[in-house]
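Subject: Structure handover

Hello,

Here is the structure we spoke about. Please open it alongside these notes.

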Amino acid sequence: MLKIENLNKKFKNFEIKDVSFELKKGYIMGFIGPNGSGKTTTIKLIMNLLKKDSGSIEVFGKDNIKFEREIKDRIGFVYDEGYFYEDLTIKQMKNIVAPFYTQWDEKLFKKYMKDFSLDETQKINKLSKGMKMKFALAIALSHNADLIIMDEPTSGLDPIFRREILDILYSIIQDENKSIFFSTHITTDLERIADYITFIDEGKIVFSKEKDLILESYAVVKGGNEDLTPELEKSLLGFRKTNVGFEALTDDKNMIRDLLGEDVLIEKPSLEDIMFYIARRQ
């Protein structure tokens, strides 16, 4: 569905460097990283909203620039920032957007309007952030898109809205011909629905793997400060120290157990733990 190889884009104070990953049909990929790590820039490059310096981007096996119109006809795009005309009603805005898509399904759009409790006569500037996101999602899902690309869709939403959106995404993926590429810094959302996680930091890919394999590969270590020797510090992927002890991330549980025995607590990490400690160290 999506294949990126050695993607590069340089700005004055930041660069995307040798970014490579791929998303297969029928899966949800979470795209994580701290703010300013390159998530939105990568998505803009995929959508050809920015011009790459080098590398290749293929969507549905086709070059994203050469076949741009054909590709975008099959992509449902949900962007974090508002991109609708605020003074128009939902219906007026939909009437502008719908003709761009060859597979627009008005009946399906009406269904989402009903499911999301949206009134077509409402002006967009009167909608809450959550309702605007639901409208953007309704547009993205109403033209038989094969790939849904979302940039921070749940940012700033309350837990109820977020859960509803995640449930919708999960139902979409039951059609194994569709895929979702989902950028967010709310890692708990991805723990709920993602199959794969791609982690970008400072413009470079840290890893792109199955979510379950990632969570099994790392561990959080907790122990006393007397155990945190210079030798141990070097072997850790990141740590933080307080007056009562230390907490750290490791990718070698056996080494920690051999070194410290029963003096430390070893726990399963969250995606947030992994992102925090690796980004902190780098």
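Two strands count as paired if DSSP finds at least two bridges between them. Keep that in mind for the sheet below. The model is a predicted one.

Look at strand 3 (residues 28-32) and strand 9 (residues 196-201). They run parallel and are joined by four bridges. One place to check is Gly-30, whose bridge partner in strand 9 is Ile-197.

**Helix 5 against helix 6**

How do the axes of helix 5 (residues 129-141) and helix 6 (residues 159-172) cross, and within what distance do they come? They cross at roughly 10° and come within 11 Å. Angles under 35 degrees count as roughly parallel, so helix 5 is roughly parallel to helix 6.

Helix 5 makes the contact with Gly-130, Met-131, Met-133, Lys-134, Leu-137 and Leu-141. From helix 6 come Phe-161, Glu-164, Ile-165, Ile-168 and Ile-172. By class, this contact has eight nonpolar residues, one polar and two charged.

Strand 1 (residues 2-10) pairs with strand 4 (residues 54-59) in the antiparallel sense, over five bridges. Glu-5 has Ser-56 of strand 4 as its bridge partner.

Strand 4 also pairs with strand 5 (residues 62-63), again antiparallel, over two bridges. Here Val-59 stands opposite Lys-62 of strand 5. Strand 4 and strand 5 make a hairpin, with two residues between them. Check Phe-60 in the turn: its phi is positive, at about 55°.

**Pocket and cavity**

The largest pocket holds about 680 Å³ of space. It is lined by 20 residues, and the closest to its centre are Lys-72, Phe-77, Val-97, Phe-100 and Tyr-101. Which elements each supply at least two residues of this lining? They are helix 2 (68-72), strand 6, helix 3 (90-97) and helix 5. The lining divides into 14 nonpolar, three polar and three charged residues.

The structure has one cavity of 30 Å³ or more. The volume of the largest cavity is about 30 Å³. Its lining is Ile-46, Met-47, Asn-64, Glu-68, Ile-71, Lys-72 and Ile-75. Helix 2 gives the most to that lining, with three residues. By class, four of the lining residues are nonpolar, one is polar and two are charged.

Lys-72 is worth a look in your viewer. It is among the residues closest to the centre of the largest pocket, and it also lines the largest cavity.

Best wishes

Definitions and conventions
Residues numbered from 1 in each chain as written. Predicted model: local features only at pLDDT ≥ 70, side-chain atom pairs only at ≥ 80, totals over all residues. Heavy atoms only, no water. Axes fitted to C-alpha atoms, helices over the stretch in contact; angles between N-to-C directions. Parallel < 35°, antiparallel > 145°, perpendicular 65-115°, else oblique. Contact = heavy atoms within 4.5 Å. Nonpolar A, V, L, I, M, F, W, Y, C, P; charged D, E, K, R; others polar. 1 Å grid on protein atoms, 1.4 Å probe; cavity = no way out; pocket = protein on both sides within 12 Å on 5 of 7 lines; lining within 4 Å. Points joined across faces, edges and corners; volume = space filled by probe spheres on them.
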